[in-house]
Amino acid sequence: ITGLVLSGALFFVFLFSITLTNPIEKLVEVTRLVAAGNFDVHADIKSHDEGGELANSFDAVVGGLKERDKIKN
C-alpha cells in the first residue's frame, strides 16, 4: 500500500512540475527571440497564475520595445 501511495504521489508531483516548467520554458524561448531583435512575438501563455501574469507583463514590455524601436527608426 505504501508503494502505491508513493507512486501516486510521485506521479502527481511529476504532472505538477510539468505545469510549472512548460510556461517558463516558453518564456525563455520568446525572450531569446526578443534578445535577437524580433519584437513580433507573444508569450501566449493562458494560465491564471503567476506564469500567466509574467507572460502578460512580458508581452507589455515587448510592445513597449517594439514601439520604441519604431520611433527610433
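This is a predicted model: local features need pLDDT of at least 70, side-chain atom pairs count only at pLDDT 80 or more; totals for chains, interfaces and linings use all residues.
**Stop 1: the N terminus**

Select Ile1. This residue sits in the segment before H1. Its relative accessible area is 86%, so Ile1 is exposed.

**Stop 2: an aromatic pair**

Move on to Phe11 and Phe12. Together they form an aromatic pair, and the structure holds one such pair. Edge-to-face applies because the angle is over 60 degrees. Colour both by accessibility. Phe11 has 47% relative accessibility and counts as partly exposed. Phe12, at 59%, counts as exposed.

**Stop 3: the loop**

Select Asp44, in the loop between H1 and H2. Check its backbone. Phi is positive, about 50 degrees, although Asp44 is not a glycine. Is this residue buried or exposed? Asp44 counts as exposed, with 53% relative accessibility.

**Stop 4: the start of H2**

Step along to Asp49 and show its side chain. One of its side-chain oxygens reaches to within 3.2 Å of the backbone nitrogen of Gly51. This contact is at the start of H2.

**Stop 5: helix H2 end to end**

Select residues 50-72. This is H2, a helix of 23 residues. From first C-alpha to last it reaches 33 Å, close to the 33 Å expected at 1.5 Å a residue. Which residues of H2 are buried? They are Gly52, Ala55, Phe58 and Val62. In an α-helix there are 3.6 residues a turn, so residues three or four places apart point the same way. Next, display what covers the buried residues of H2: the cover includes helix H1, residues 2-35.

**Stop 6: H1 against H2**

Show both helices and draw their axes. Two packed helices are described by the angle and the distance between their axes. Here the axes of H1 and H2 come within 12 Å and cross at roughly 5 degrees. An angle under 35 degrees counts as roughly parallel, and H1 and H2 are therefore roughly parallel to each other. Now select the contact itself. From H1 come Leu27, Val30, Thr31 and Val34. From H2 come Leu54, Ala55, Phe58, Val62 and Leu65. Ala55, Phe58 and Val62 are also among the buried residues of H2.

Conventions
Residues are numbered from 1 along each chain as its sequence is written. Side-chain values use heavy atoms; hydrogens and water are left out. Helices (H or I, at least four residues) and strands (E, at least two) are DSSP runs, numbered from the N terminus. The expected span of a helix is 1.5 Å times one less than its number of residues. Buried means under 20% relative accessible area, exposed over 50%, partly exposed in between (1.4 Å probe, protein chains only). Contact means heavy atoms within 4.5 Å. A polar contact is a pair of N or O atoms within 3.5 Å; within protein, one must be able to donate a hydrogen and the other to accept it, and residues adjacent in sequence count only if both atoms are side-chain atoms. Rings of Phe, Tyr and Trp (its six-membered ring) pair if their centres lie within 6.5 Å; planes under 30 degrees apart count as stacked, over 60 as edge-to-face and the rest as tilted. Axes are lines fitted to C-alpha atoms, for helices over the stretch in contact, and angles run from 0 to 180 degrees between N-to-C directions. Angles under 35 degrees count as roughly parallel, over 145 as roughly antiparallel, 65 to 115 as roughly perpendicular and the rest as oblique.
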